[in-house]
Amino acid sequence: MTAPPLLRTEPAMRQLCPTHDGEPPMNAKDILEQLVGFPSVVGTPNGDIVTWVKSYLESHGATVTVLPGPEGDRANLFATIGPKDEPGYILSGHMDVVSASERTWTSDPFRLRADGDRLFGRGASDMKGFLAAALAGLPAIAKMPLRRPIHFAFSYDEEAGCRGVPHMLQQIGNLCAPPLGAIIGEPSSMVAIRGHKGKAAARIEIHGTTGHSSRPDKGLNAIHAMTAVMNATLKTIDALRDSALDQNFEPPYSTLQIGTITGGRSVNIIPDLCIMELEGRAVPGVSPTVLLEHIKATAEALAKDGFRVRWETSSTYPALSLDADTSLARLMEELTSAQTLAAVSYGTEAGLYQAAGIDAIICGPGDISRAHRADEFIRLDELAACEEMILRLAKTLQH
């Protein structure tokens, strides 16, 4: 059986200049081929993909600003087509992807593969498909007599807890007039979504004193100490079931979970280090960091027993809650010809936009069930539907 064709050339042959005079514009599949080819894994440098996207945007007349993050090796990107001094809409997406370490991939995850109407590759749904559809619509948008602009806001390290976009939002006032709204293109099967839970994640290190297990009285067992933190977490989990409820979510209450715990080197050595990672997801109206306060206090109280405790908040972002009767929600119903959905279980950068005073909503191609797994894919018709939605948006902004 002949294998489905690979869409892109070898890395050395990647298209460095997105367009050439006289050539037809790249379509969404062409652009996705390029974007998937950049292994822009979360937490790693992203200069290559930023450079390519910047070149593409500028080749179609967009004004582009690259916004380096404090890490020094990765950046956000903000671009505008149309009058910068007028309120417009933001198309928001992240350029990073999760790693592709799953052993069940049936092809190179960073080389787009076509099989019928499906395009396989890491980030195809989450969320380079949205970036590709937005960029594919740019040549047509650039020819429109826009009275209000469309902005492209592409961020880094979203998959690490939305670490990149806050730096961009801090500068938004210098980049554009106050936006009318932001469309966050996470995979939603092109249904506009008005809400999600907020999240806070933390890493706890407890440092004790090692020694031989035959003399536990001469050491400080870090794993034993961590059990107090775990018990505090479990008690908080039980209490949350009877706390603030929002029936738009499943489950309808805020949640906590311990995700990882490590410690110890051998059964006959007193463990001097134990590390635990946990996360809380909060319904709108509840601060996700508040969910962790009792647990943090329990951990820090161990210092009185001689333990050294290190607490690190690894990520945090607020919930999203957009009313159904807002102008942005009504606009999205017109653009997608479908009613908006109240909420989803996963989190996005939308809550950060809303916290910055910008109405935000989720709507993008692909399905979240395909994300973060082997053989991630997006369909050609999903890319086309997204591009059409964006063109409809642009038409509402013409003179």
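This is a predicted model: local features need pLDDT of at least 70, side-chain atom pairs count only at pLDDT 80 or more; totals for chains, interfaces and linings use all residues.
How many disulfides does the structure hold? The count is zero.

**Cysteines**

Select cysteine 162. Its closest cysteine sulfur belongs to cysteine 363 and is 18 Å away, so the two are too far apart for a bond. Cysteine 162 is buried, at a relative accessible area of 2%.

Now display the strands. Six of them make up an open sheet with mixed pairing, and the order across it is β1-β2-β6-β3-β7-β14. At the edges are β1 (63-68) and β14 (360-362), each of which pairs on one side only. From one strand to the next, the twist averages 20°.

Select residues 89-94 and 150-155. These are β3 and β6, which pair in the parallel sense over six bridges. Within this pair, pick serine 92: the residue opposite is alanine 153 in β6.

**Helices across the sheet**

Select residues 327-336 to show helix α8. This helix lies across β3, β7 (181-184) and β14, and runs at about 35° to β14.

Finish with residues 380-395, helix α10. The strands that α10 lies across are β3, β6 and β7, and the angle to β3 is about 155°.

Definitions and conventions:
Residues are numbered from 1 along each chain as its sequence is written. Side-chain values use heavy atoms; hydrogens and water are left out. Two strands pair if DSSP finds at least two bridges between them. Helices (H or I, at least four residues) and strands (E, at least two) are DSSP runs, numbered from the N terminus. Axes are lines fitted to C-alpha atoms, for helices over the stretch in contact, and angles run from 0 to 180 degrees between N-to-C directions. Contact means heavy atoms within 4.5 Å. A disulfide is a pair of cysteine sulfur atoms within 2.5 Å. Buried means under 20% relative accessible area, exposed over 50%, partly exposed in between (1.4 Å probe, protein chains only).
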